[in-house]
Amino acid sequence: GPPKPLPPPPPPPPVTPTGASRSDQYLFVNDTLVAPITATGDDSPSSREVWIPAGEWEDAWNGTVVTGPLTATVTQPFDQLPMWHSRQNGLVVTATGDAPRVAAQDWSTLTVEAFPAAFTGVPLENSRAVHDQETGVCTRLALRTDGHGRVLFTVHPTTSRVRARGWVLRLHLRPGQTVLTARVDGAPLAVRHLHPDPVGTAVDSVGWKPFGGAGALPAAFAGPVAEMAMPMALGPRVLEAIVVAV
């Protein structure tokens, strides 16, 4: 039969008019807001208040976006840690595979989950440092947006001792956006657009999780993910993508 439609997006979390910083939540490397829910003794959903900082934040589990600053009440199943990704050029770097220890991870290709800022006409830049788990060599990553759809992702090793590495950039676009063209180091680069699962399994807590890596579908109510694989190479890299509304 035809694909089942997705259920309607969940309503925005209840908001209180005032809020303050809390000691029971934290920002992971500045770009991922994490608000643990303490155990209730059973498997039922639990609720808590969360202070959402200024800016746009995308729910890691369902892809809806909330704009802070505000205090929100969120309810999640016991096995889903409340998390939001910054939509102000937020960056999350992950390794391939499920090795439990950093020393056992495969760093030959790293995946970067990037959340470009809105088309506001205002340029914005965010950066991240990646330290090699064996050599300690630092590689600096930066995501720059011009506010009109041009996205630059740069890789800049701080020393010539860096090892060759591949990168997979996953641009988490907004609904109705697409990457028109992409180039890496001046050469055309293929773009793979991944869309939320049309049959709704992306909202199943068993069938979908955040941080799925290369090839993973976006959350149910998020926009598409534009995935681009940068071949393994040494030295600085520059990837340019042009994002348009369709």
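User: Hi! Which residue stands opposite leucine 171 in S16?
Analyst: Alanine 226 is the one opposite leucine 171. Before we go on: this is a predicted model, where local features need pLDDT of at least 70, side-chain atom pairs count only at pLDDT 80 or more, and totals for chains, interfaces and linings use all residues. Residues are numbered from 1 along each chain as its sequence is written, and side-chain values use heavy atoms, with hydrogens and water left out.

User: Thanks. How many bridges join S12 to S16?
Analyst: Seven, and the two run antiparallel. S12 covers residues 165–172 and S16 residues 225–233. Strands here are DSSP runs of E, at least two residues long, and helices are runs of H or I of at least four, numbered from the N terminus. Two strands pair if DSSP finds at least two bridges between them.

User: What about S15 and S16, parallel or antiparallel?
Analyst: Antiparallel, over three bridges, with S15 spanning residues 192–194. Arginine 192 has glutamate 227 as its bridge partner in S16.

User: How many helices and strands overall?
Analyst: Zero helices and 17 strands in the protein chain.

User: New topic: glutamine 25. Buried or exposed?
Analyst: Glutamine 25 counts as buried because its relative accessibility is 12%. Buried means under 20% relative accessible area, exposed over 50%, and partly exposed in between (1.4 Å probe, protein chains only). Glutamine 25 lies in the loop between S1 (15–16) and S2.

User: What is glutamine 25 in contact with, neighbours within four places aside?
Analyst: Leu33, Val34, Ala35, Pro36, Arg48, Val50 and Trp51, where contact means heavy atoms within 4.5 Å. Valine 50 is 25 residues away in sequence, with 7.5 Å from C-alpha to C-alpha.

User: And which backbone oxygen does its side chain reach?
Analyst: That of tryptophan 51, at 2.7 Å.

Methods: A polar contact is a pair of N or O atoms within 3.5 Å; within protein, one must be able to donate a hydrogen and the other to accept it, and residues adjacent in sequence count only if both atoms are side-chain atoms.
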